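Hi,

Here's the structure I promised to pass on. Have a look at it first, then read on for what turned up.

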Amino acid sequence: MSELSVNHLLGIKNLQREDIELIFKTADNFKRIINQPIKKVPTLRDITIANLFFENSTRTRLSFELAEKRLSADVINFSSASSSVKKGETLIDTVNNILAMKVDMVVIRHPNPGAAEFLSRNVKATIINAGDGAHEHPTQALLDSFSIRERLGSVKGKKVVIIGDVLHSRVALSNIHCLQKLGAEVAVCGPSTLIPKHINSLGVHHYSDLKEALKWCDVANVLRIQLERQDVNYFPSLREYSMVYGINKELLDSLEKEIVVMHPGPINRGVELSSDVADSDHAIILDQVENGVAIRMAVMYLLAGKLKK
Amino acid sequence: MKMKTEKQIVSSNQFEIMIERLAHQLIENHSDFSETILVGLQPRGVEFTNRVLEKLIEITKNKDIISGSLDITFFRDDFGRRDTPIEAQELDMNVSVEGKKVVLIDDVLFTGRSIRAGMDALMSFGRPKQVELMVLIDRRLKRHLPIQPNYVGKTVDSISSERVVVKWKSEDVKDEIILLKSEE
């Protein structure tokens with residue numbers, strides 16, 4: 001297979017396993033390219049990409065922008081804080097105005113779940129979802145699985161536990177779909193107030209005890225506590241959360257095996273991860289960031305290949 | 001209905017002689033290969049590079065000749081103009097070409113577009129002192145770009161509807177080069 005089955009990247013749920021494998025294979029090549037003395041290829045030189053961020057982001061936006069520039073695409077950036085959205089323009093109007101300037105591809109982050117899919121049905125451009133509310137964040141899940149594949153050889157048969165604020169997390173849902181499609185076993189761990197009620201229907205086990213979960217897993221993907229999305233108090237205090245669900249070196253040393261620790265960033269040091277774990281060899285957090293650029297290059301390359309001239 | 005006819009243009013004996021001749025020509029210009037890197041273009045130039053390298057080692061007993069392979073997928077000029085995207089290939093260039101003499105190697109030179117892409121891809125690895133081109137088959141009448149090879153196995157005058165197919169020797173196949181003609 002040399003072509004994706006989809007024309008937009010809206011979520012991992014819409015992808016086939018073969019699509020994910022093709023993205024990984026392509027990303028392997030781009031990873032080699034971004035480690036060369038000259039990190040740029042001319043492939044997308046006649047493609048224009050708009051990055052529309054209706055929600056704050058540092059890492060994802062920089063990663064997308066760098067990926068676009070390494071592919072030689074023309075890039076325009078937009079963030080809602082400094083735009084006419086504040087004046088009451090609708091999403092479709094905003095995007096159509098941008099597309100009128102001849103943009104081929106739109107990378108969108110939006111606080112509302114389904115925003116990317118809505119756009120894909122209503123505007124003429126290739127849409128890449130860079131996070132829609134608590135729904136999906138497909139490129140993050142792809143780079144997470146790609147990093148597991150890089151560290152452990154493959155994803156198939158591995159046991160991965162997602163720890164923390166699963167309820168508010170788009171990273172968790174995309175990761176569950178991605179890992180399961182690649183044949184991994186997935187569990188979640190966290191206080192029951194932060195775990196969605198029907199998580200079992202996704203074939204995911206819920207551990208409430210952190211140590212149990214770590215004993216079971218090969219990989220721990222630790223999520224950030226998203227204080228900005230929490231409208232009520234889901235746990236008594238950050239201090240208590242970190243005592244029960246925080247991962248520190250002592251806890252990792254007490255396990256009989258080595259596990260891989262991942263985090264999508266930004267880390268609340270001392271809350272979900274202690275500094276000595278975040279900076280240890282167990283953690284592949286910075287590999288994830290590097291792989292993010294390669295994965296996003298692969299996704300944009302493969303989708304742009306479907307834009308017929 | 002389309003019929004296909006095959007015509008052998010290089011037999012396995014001639015093939016062997018060609019590889020040997022090309023190896024000697026390289027030795028003539030590169031003496032001990034200490035400043036030279038052989039670079040095969042993916043996918044089919046790599047097989048050719050390996051065969052020439054084997055022959056060079058056999059003749060010179062020099063096992064330190066450096067070679068690499070280059071993938072030109074992301075440097076092509078027909079991105080988005082094809083029906084299906086081209087799958088990228090493995091790239092194996094663990095050397096800098098800065099100040100070196102590079103021999104780019106491909107099996108069939110036709111329009112010259114792959115070689116153009118190959119030269120662009122090569123520049124990502126430094127500024128070579130000199131770049132030469134070696135091809136097994138030169139289809140000289142069909143060039144789109146002003147590119148000429150320095151070392152040629154065989155020159156073939158053919159028309160666009162014809163295809164040149166290089167078969168490399170393996171367990172049950174002999175080396176040969178054939179010309180495929182499709183007739184209406």
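Let's start with a question: what do the buried residues of helix 4 of chain A pack against? In this predicted model, they pack against helix 3 (91–99), strand 3 (105–110) and strand 4 (126–132) of chain A.

So who are these residues? Helix 4 spans residues 115–122 of chain A, and its buried residues are A:Ala115, A:Ala116, A:Leu119 and A:Ser120. They cover an arc of only 135 degrees around the axis, so they sit on the same side of helix 4 of chain A. On the face turned away from the buried side, helix 4 of chain A carries the exposed residues A:Arg121 and A:Asn122.

Now for the sheet. Chain A has an open sheet of four strands in the order 2-1-3-4, with parallel pairing. Strand 2 (74–79) and strand 4 of chain A are the edge strands, as each pairs on one side only. From one strand to the next, the twist averages 15 degrees.

Zoom in on strand 3 and strand 4 of chain A: they run parallel and are joined by five bridges. In strand 4 of chain A, A:Asp132 is the residue that A:His110 stands opposite.

Finally, helix 2 (residues 59–70) of chain A packs on the sheet, touching strand 1 (48–53), strand 2, strand 3 and strand 4 of chain A. The direction of helix 2 makes about 175 degrees with that of strand 1 of chain A.

Cheers

Note on methods:
Residues numbered from 1 in each chain as written. Chains lettered and ligands numbered in written order. Predicted model: local features only at pLDDT ≥ 70, side-chain atom pairs only at ≥ 80, totals over all residues. Buried ≥ 20, exposed ≤ 12 C-beta atoms within 10 Å, placed from the backbone. Helix = DSSP H or I, 4+ residues; strand = E, 2+ residues; numbered from the N terminus. Arc of directions from axis to C-beta. Contact = placed C-beta atoms within 7 Å. Pairing = 2+ DSSP bridges. Axes fitted to C-alpha atoms, helices over the stretch in contact; angles between N-to-C directions.
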